[in-house]
Amino acid sequence: MADDGEMSSQYKRKITLGPIDVHPTESAVVVTYYVQYLMPGEDGIPVLSEKRPMQKIIRVKSLGPQSNLTTMAKEIIEKCKLIHPSKVRDVEQTLYYLQQRQQSEEPAWNRKQMDDFRPVEDESNKVPVEDSSMDQIELYVEGLYEELPEKIASTKHILQLARVPDNMELLISNESLISALTRVLREENKKSMELVTNIMYIFFCFSNFSRYHQFITTNKVGDMCLRITDQEIHRYNIWVQDLAKLEAKCAQFPESTTYLRELDQEHRKFQTMLRKQDQLLFVCFHLLLNLAEDVNIEVKMVKRDIVRYLLILLDRKTPELLILVITFLKKLSIFKENKDEMVKNMSDLLPKLAHLLPSENQGIQHLTLRLLLNISHDPAIRTGLVHYGFLELLTDLLHSKVHLMPVLQLMYQISIDAENRAAFASADTIHLLIKMILEYKGERVNTELMAVAVNIATDPKNAAIICEDNALKFLMKRGLKTRDALMLKILHNIVLHEGDVKFMFLDYIDDLMHLLLKSVNTPDILVEVLGIIGALTIPNFDFAKLAETYNLIEFIRKRLSLSISLAASAAERNGASGASGHEEGDGKGGLAEDDDVTLGVVVLLGTMANDEGIGPIVARTDVISLLIELMIAKEEDDEIILQIIYCIYQLLLQEQTRNILILQTQVVSYLIDLLYDRNIEIRKMCDVCLDIISEIDEEWVKKIKHQKFQWHNSEYLSLLAQGVSAFHDDTNNGQPGNTSGLRGARFAGSGRSSGRSTPASDHRRGVVGVRESDPDFDLKSRRGGGMAGGGAGWPRRVVGDFDDEEDDEDDDRSKILIGGTSALLDAP
């Protein structure tokens with residue numbers, strides 16, 4: 001038959017595109033295509049010839065971590081006319097896989113391993129091996145039916161051929177060859193480790209190409225890999241037991257040179273056999289790793305207990321095998337079921353990884369960190385990392401630029417849990433982290449580094465360590481200069497703690513106020529600055545002077561007005577969408593995008609109201625009426641409602657603002673309405689406020705009791721009113737009677753009732769428990785501090801005879817910080 005060049009010049013060709021794969025060893029894309037020629041048949045009618053598989057290798061030299069894969073895929077399609085433009089996504093996916101392989105450092109050691117980590121020849125069965133040739137393939141097949149030395153020699157020849165990609169199709173299409181290889185592997189895998197390693201290496205060469213995976217699974221090569229693994233692990237245990245017995249004899253007879261000589265020989269023999277076994281296991285698991293590209297096959301491997309085998313192999317010393325095993329575990333850990341299996345074996349896994357982390361091999365260190373990062377999304381693993389001393393190991397790795405990012409990410413994962421944050425104080429981690437932040441070159445510090453610092457600053461001991469050596473001064477200066485929201489978040493978390501740390505912030509109060517007024521249009525910064533100032537619950541601090549100097553009450557008034565307007569606009573949009581026929585809105589209700597800022601403003605007002613000089617300033621403005629409007633607009637946000645009630649509590653303690661609240665608003669009706677809210681902290685605050693109102697005037701005692709009675713018995717009174725209405729309908733010829741006046745004023749809209757579920761907004765901010773205080777309440781001693789930080793706070797009281805006992809189950813879920821928010825950067 002004529003060659004391809006002659007046929008292409010004489011006959012028309014039909015080219016069909018096949019799969020697009022990644023080259024097994026090089027940074028290249030392998031495009032498979034099939035060629036058919038339109039040739040004249042016997043009757044003169046043109047017919048298509050058989051498909052001939054062809055390959056084109058496209059080398060990608062400029063691929064890097066920051067490469068634009070879409071652009072590169074289009075360039076490849078433009079240069080290679082075999083690929084249709086519609087396949088751009090397939091090419092992009094192939095490039096992505098190639099990029100990931102480069103980033104995981106597999107290409108750097110993969111090819112070198114397979115070249116250097118060659119099967120060791122057994123000198124006792126050594127047969128001279130000549131250069132291999134495809135023309136001698138039948139001779140090699142016949143050698144597989146001879147004695148052991150000939151079988152080993154034949155497998156070496158076949159292995160040399162299998163290492164050349166162009167020979168793959170011819171080898172796989174030779175059924176007698178494949179049948180002989182699988183037979184020898186199945187029947188003689190216990191006779192020679194070298195023979196088994198050669199055969200597994202041959203199938204491993206096939207597994208580098210995805211299109212041959214079905215062929216490998218059909219011949220049950222993966223099953224044989226697991227059987228051989230189990231067999232070799234059992235053999236290793238026998239070797240160890242024999243060595244232990246011999247060592248015991250030497251210990252019993254230390255002067256016996258015979259035993260010592262025998263022990264030395266056994267140790268050498270053991271090391272040689274162990275190296276051979278590591279080579280065999282390396283090839284087996286590399287083949288399984290390639291097959292695990294198919295998730296269904298991976299699931300079957302997990303069911304065959306492959307995780308247990310991998311954990312056992314973590315004790316080996318061969319770097320290549322360890323890198324492969326950790327890579328396999330990292331791949332498996334992506335799926336929850338596999339991660340759960342690792343969590344079950346945590347007591348075995350984590351100590352071994354802790355032993356590998358200080359390794360001098362950077363590949364082992366990097367992959368170990370990535371594996372730990374994958375499984376650290378489980379709380380049990382994060383606790384285990386602290387228990388097994390990983391924080392000290394990670395602190396040592398902070399000096400390494402190569403591993404800095406995964407180390408910081410892993411530290412962040414550990415810091416998610418509050419119970420783990422105290423462990424950072426025992427190591428020298430905090431000083432090193434703060435030093436890295438202060439010495440960071442550039443305007444914005446690394447996000448991962450800042451995230452760790454934000455989380456650990458929520459612990460009181462950690463915050464005290466951060467403030468050592470004037471570090472707070474430098475952090476404040478950098479935060480004010482760069483206006484970094486995360487830097488300010490660290491300071492916000494520090495100032496929330498009780499003690500002398502709050503007084504340290506007084507030196508920067510003017511700078512903070514200037515930053516507050518300049519950040520009106522920057523919500524991220526505004527929230528943190530509001531939180532810092534609102535947490536300054538310092539006795540005798542003159543907030544009135546601060547408010548007059550910077551016109552702070554007017555700033556608060558404008559923000560409250562803006563929040564009310566935004567809430568009203570959101571309500572109108574939701575109403576319009578409902579009227580247009582949409583059954584489901586956007587799920588936000590009356591919430592707006594600036595709710596965190598609104599909460600910070602209300603918290604600040606509550607903290608300032610602890611100063612007696614603030615009352616007259618507030619009384620001269622419409623801030624109180626705006627607070628009541630905001631309470632109505634934000635009725636579904638428990639945190640904002642709770643902080644508003646606390647502001648009302650503080651304002652009730654001052655005569656000027658108390659008169660406005662009681663005489664010019666319907667605050668009593670609103671508080672009674674909220675007295676039966678599902679949130680227990682809201683109920684407590686309402687009860688305290690109503691107690692204050694009751695102590696002012698006996699008239700209010702009667703009114704409050706009457707409204708409580710109306711609220712508590714509203715259902716009964718409603719039914720009674722319906723009966724009266726029906727009676728009047730009968731007596732008045734069907735005219736309805738008057739049933740109004742059964743309840744006091746209510747919130748606009750649906751209202752907040754005891755049957756309302758806790759809104760999703762409860763989870764937007766950190767949750768910290770509410771502080772307890774003395775059981776006795778005294779108006780005269782009310783100036784002991786505010787809810788936003790320190791002092792006596794408000795008393796814990798039950799609602800009384802009208803308390804709903806079934807709401808106690810919500811106590812843990814409903815705990816909210818009075819006067820501040822937590823600033824955690826918790827993970828997904």
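Good morning. I begin with a pair of helices, α12 and α14, which are oblique to each other; the class follows from the angle between N-to-C directions, which runs from 0 to 180 degrees, where under 35 degrees counts as roughly parallel, over 145 as roughly antiparallel, 65 to 115 as roughly perpendicular and the rest as oblique. The model is a predicted one, in which local features need pLDDT of at least 70 and side-chain atom pairs count only at pLDDT 80 or more, while totals for chains, interfaces and linings use all residues. Residues are numbered from 1 along each chain as its sequence is written, and side-chain values use heavy atoms, with hydrogens and water left out.

Let me give the details of that pair. Helix α12 covers residues 257–291 and helix α14 covers residues 306–313; they pack at an angle of about 140°, and their axes, 13 Å apart, are lines fitted to C-alpha atoms over the stretch in contact. The crossing of α12 and α14 is left-handed, meaning that the near helix is turned anticlockwise from the far one by less than a right angle. From α12, the residues L281, F285 and L288 make the contact, and from α14, I306, Y309, L310 and L313; contact here means heavy atoms within 4.5 Å. Seven nonpolar residues form this contact, with no polar and no charged ones. For these classes, Ala, Val, Leu, Ile, Met, Phe, Trp, Tyr, Cys and Pro count as nonpolar, Asp, Glu, Lys and Arg as charged, and the others, Gly among them, as polar.

A second pair is α37 (residues 638–652) with α38 (residues 655–664), whose axes come within 7 Å and cross at roughly 120°. These two are also oblique to each other. Here I648, L651 and L652 of α37 meet T657, R658, L661 and I662 of α38. This contact has five nonpolar residues, one polar and one charged.

I turn now to the chain as a whole. It contains 42 helices and four strands, taken as DSSP runs numbered from the N terminus, with at least four residues of H or I for a helix and at least two of E for a strand. Of its 828 residues, 50% are buried; buried means under 20% relative accessible area, exposed over 50% and partly exposed in between, with a 1.4 Å probe and protein chains only. Among contacts between residues at least 6 apart in sequence, 73% join residues at least 24 apart.

Next, the charged pairs. Side chains of opposite charge can pair when their charged atoms come close. The whole structure has 24 salt bridges, each defined by a side-chain nitrogen of Lys or Arg within 4 Å of a carboxyl oxygen of Asp or Glu.

In one of them, R89 pairs with E92, with the closest N and O atoms 3.1 Å apart. The two are three residues apart in helix α3, about one helical turn. R89 is exposed at 58%, whereas E92 is buried at 15%.

Another joins R227 to D223 at 2.8 Å between the closest N and O atoms. Both lie in helix α11, four residues apart, and D223 is partly exposed at 22%.

Which parts does the bridge between R557 and D622 tie together? R557 lies in helix α33 and D622 in the loop between α35 and α36, so the pair links parts 65 residues apart in sequence. Their closest N and O atoms are 3.9 Å apart. R557 is partly exposed at 23%, and D622 is partly exposed at 33%.

Finally, K336, K339, D340 and D378 are linked in a network of salt bridges.
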